[in-house]
Amino acid sequence: MPKLDGLSIHIALLLLITLLARPAAAQQASTAAETQPNTDYQLTLSTERSREGYFVVAIDQAPQTKMVLQQSASADFSAIAAEFDWFGDFTEITLTGFSDGEYYFRLKPVAGVSSNVVQLRVEHYSQWQAYSLFFIGLFLFSVLVITLITLHLRTRRQEVA
Amino acid sequence: MIMGLTAFSTLVWVCLALTACAPLILLGLWLKDFLSKQLW
Amino acid sequence: MNEVSGFALSSSLGLTLVVLFGIVWIAFGWYLGRANKTHEDFALAGRNVGFALAAATAMATWVTSNTTLVAPQLTYQFGVWGMVGYSFAALGLILFAPLAARIKRLMPNGYTSGDFIRLRYGRAAWWVFIIISVVYAFGWLVSLGMAGGILLEALSGLDYHIGMSAILLICVGYTLFGGLRAVIATDFIQALIIIVGVVLIAWFLIDTVSLESIHQEVKSNHPQLLDLLFPAAIMFLFNNIFFGLGEIFHSNVWWSRALAFKGKVAFKAYLLGGLLWLPIPIVTGFIALAAPQLGIFPPSADMVGPMVAAEVLGKIGAVVVFIVVFSALASSLDSLLAATSDLVTRDIYHKYLKPQASDQHLLRFNRYSILGLGIVTWLFCLPQIATLGALLNFAGAFVASTIFPVVLGLYQRKLTGTYAAAAMALGTLSGLVGYFTIGFYVAALLSCIVSAALCGFGLLTSQARFDWQQLNEKEEPTS
């Protein structure tokens, strides 16, 4: 399954099929987590460097128990900046609204759950890049609207005359 | 530049109100067309 | 969905809703189709659609799965600018209003957007245009069919193939019986359902989690989403607008409506349709901002809307989401089926393969092509190919190249077919190059810039003066 973020709704919808296309029973989180052997999850990121402040964190297998994703500014997780409840038995979680900076993620180490630590850098596009594209768009849009209105009014006058 | 609460709630409320008016406008127009036999 | 205990609806309830929808729509289509005597009746609803139905169909068709699924997605990703930027797609409808009036006046006997390109710019431009149209129409058709299957599966666990086949069968069914008349009449009802459903969901959400708490949570933990200077969101803004403009300006979905509307209705209808549509993406979008507050972090961003709705409203929410999204899908799918089959019947069959075909023959062929399109779409949807679904993703590069050739073609005598063809072809190519080398947020923009530059150059160097009368093609008397 290709992993595309951004506007790729259709691929995302396809993901949705695979994620949801299992019997209801499969979505029941196991309650017997404590008795199970430790599961080591492999975390991966959709990108190492997010330019938009959103990204997808994926695990390599369906969660066996209720899990929490932890976020920290340092690799040793000395201070936990935020925690996100993992939703259902999905193998992905999309996080959004991050400012510039380095972020580390891992699954909260509890009985039966451990994972690797992944690192992500959020680096938004520079203001000049954003504004230059914005003003190019604005210019082109103005040209279009002015052309349309001028031509429409001129044609109307000709038709009336 | 963070959008403030006032601006945010105004935006949402105004849009919600406008959207809620839409069915009334459409039904009103339909009734007008229907009564004057201008539907089709 | 919150309790990870399976699906929001039971399979039998999902299936019942689908069957109920199917019976009602198809019966309605059959009822409306009884009056269709000629091909013109079938394809263009007798060219006499009144203001109310016209405005509703313009609005409803533009409310696709995009408005109900992508508006929340973009809000989740780009914050406030995501939903505001998405609502600017209404500009497509609003700016099409003068064009629609002009189209109706120039081509009182026209059938399709392909007709216009062929008569105005000749064969070469027509070929480029048809390729763009077909790529776009099929990408959209297939994605709508797939979305239907996915929706049903997501909400009720019903097999993907059942949902996908059901929505195609229903839409093909009533379009086949009723033609454009059925499409427009069902659009009116679907528009009402969509708006009421969306307002209900938003209202309950505000009632449950106040706007204050949503704002507070986002401000402290995801401040970027409220940032009005969010770079990626600013970059994406105009690209999205040009994508929307390109979709509407070129597609026969909108042209055939302009031609079907009564007399002077076209201008008013598109204007009102656009204004009614404008606030909807904000209403569907802002609910995504409640996700962090509710502790919902979706697996993929496009699921955030339905997930929040189901969380807040529970089972009723799931039923409302189902009905709203199903209506949104159907109102676009039927329009696309009708408009694309018109394009096939009129542009390819009648004007290219069988110029001598009689009116009854065309009416029959139009029905066959709806059926054919339905079957081909079904076949494409069957294996759920990702690459085809991704078609729409870079469709912006294709459609944005048609904006200037269409606008100038309608108002300017000087632009020639060679330049129009080059503008569309090179615009599309540069848009695609931009998409793959720079990013999705430049595809439509780049395509439109190149196309506009070529058109401008064409205007400056041209000595041609197109005779508008050539657009008013008289129909050959048919037996």
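Which residue stands opposite A:Val118 in S10(A)? In this predicted model, that place goes to A:Phe105. Strand S8 of chain A covers residues 101–107, and S8(A) is joined to strand S10, residues 118–122 of chain A, by five bridges. These two strands run antiparallel. S8(A) also pairs with strand S5, residues 68–72 of chain A, again in the antiparallel sense, and here there are four bridges. A:Phe105 turns up in this pairing too, as the bridge partner of A:Gln71. So much for the strands.

An unreviewed UniProt entry lists residues 128–151 of chain A as a "transmembrane region". In the model, that stretch is 100% helix and 0% strand. From one end to the other, its C-alpha atoms are 34 Å apart.

How do the chains meet? Two pairs of chains are in contact, and of these, chains A and C share the most contacts. Chain A and chain B, on the other hand, do not touch. Their nearest C-alpha atoms sit 12 Å apart.

Now for the place where chain C meets chain B. Chain C brings 43 residues to this contact, while chain B brings 26. About 3,100 Å² is buried between the two chains, with carbon and sulfur atoms giving 84% of that area. On the chain C side, C:Leu211, C:His215 and C:Leu276 supply 15% of the area that chain C buries against chain B, which is more than any other three residues.

Helices H3 (51–62), H5 (80–87), H9 (160–208), H10 (211–221), H13 (265–277) and H14 (280–285) of chain C each supply at least two of the residues that touch chain B. The largest share comes from H9(C), with 12 residues. Sorted by class, the side of chain C that touches chain B has 35 nonpolar, three polar and five charged residues.

What about polar links across the interface? The rule finds zero salt bridges between chain C and chain B. It does find 11 residue pairs in polar contact across that interface, counting pairs with both residues at pLDDT 80 or more.

Technical notes:
Residues are numbered from 1 along each chain as its sequence is written. Chains are lettered from A and ligands numbered from 1 in the order in which they are written. This is a predicted model: local features need pLDDT of at least 70, side-chain atom pairs count only at pLDDT 80 or more; totals for chains, interfaces and linings use all residues. Side-chain values use heavy atoms; hydrogens and water are left out. Contact means heavy atoms within 4.5 Å. UniProt positions are given in the numbering used here, feature names are shortened, and annotations may be inferred rather than shown by experiment. Buried area is the accessible area (1.4 Å probe) that two parts lose on being put together, summed over both. A salt bridge is a side-chain nitrogen of Lys or Arg within 4 Å of a carboxyl oxygen of Asp or Glu. A polar contact is a pair of N or O atoms within 3.5 Å; within protein, one must be able to donate a hydrogen and the other to accept it, and residues adjacent in sequence count only if both atoms are side-chain atoms. Ala, Val, Leu, Ile, Met, Phe, Trp, Tyr, Cys and Pro count as nonpolar, Asp, Glu, Lys and Arg as charged, and the others, Gly among them, as polar. Two strands pair if DSSP finds at least two bridges between them.
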